[in-house]
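Look at the sequence and the model below.

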Amino acid sequence: MALLLLQAHMPSGSITMSNFSPIISSMSAPLPCFYNPQSSMKTQRQNSLFSTTTSKNTHFSLSKLPRKLLCEPPRGKYVREDYLVKKLSAQEIQELVKGERNVPLIIDFYATWCGPCILMAQELEMLAVEYESNAIIVKVDTDDEYEFARDMQVRGLPTLFFISPNPNKDAIRTEGLIPIQMMRDIIDNEM
């Protein structure tokens, strides 16, 4: 709306900074302003390119210079070394499925950009604490292991596979965010 106001009040010809002062001063709502009548034209151009001036003359820098960080950012996004649910490769998952187990295996197919996957990761961490030695819970990043996810016919995220230690039982597959109680029921009753 401010752009339409500016275009309606602008005289034809070249646009200069002095053309903006009556328009900006006549607007009732406070707007971030790039024009300061007390400063020189050189400063005005610098302000409009590198910072925004608010009514209290506070400058917010848009420079590309490196900033000093207050704390170190986390290294892994949604998967850290101290998490109980470990990220495995397709090769490791296949060895785990083929190997001897006496507890159920839960495989979480996820992606770092998937919102429900992040919520599911929190639930799986709680489940890993509950079923500490009674279940193996692992995860596979579908962006890193695209071909494996395609072979497993993963089309929606998150997708969970519940694989029983009994080779005669079929695997149970769920798609989408499911409540933690449903996961408990599958592990306790179906495995």
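Which cysteine does the disulfide join to cysteine 114? The partner is cysteine 117, with an S to S distance of 2.5 Å. A disulfide here is a pair of cysteine sulfur atoms within 2.5 Å, and a search of the whole structure finds one. The torsion about the S-S bond of cysteine 114 and cysteine 117 is about 75°, so the disulfide is right-handed. Cysteine 114 counts as buried because its relative accessibility is 6%; cysteine 117, at 3%, is buried too. Buried means under 20% relative accessible area, with a 1.4 Å probe and protein chains only.

This is a predicted model, in which local features need pLDDT of at least 70 and side-chain atom pairs count only at pLDDT 80 or more, while totals for chains, interfaces and linings use all residues. Residues are numbered from 1 along each chain as its sequence is written, and side-chain values use heavy atoms, without hydrogens and water.

Next comes the sheet. Strands of a sheet pair through backbone hydrogen bonds, either parallel or antiparallel. Strands (E, at least two residues) and helices (H or I, at least four) are DSSP runs numbered from the N terminus, and two strands pair if DSSP finds at least two bridges between them. In this model, five strands form an open sheet with mixed pairing, in the order S3-S5-S4-S6-S7. Its edge strands, S3 (86-87) and S7 (172-175), each pair on one side only. S3 runs parallel to S5 (residues 136-141), and two bridges join them. Lysine 87 has lysine 139 in S5 as its bridge partner.

Note on methods
Buried means under 20% relative accessible area, exposed over 50%, partly exposed in between (1.4 Å probe, protein chains only).
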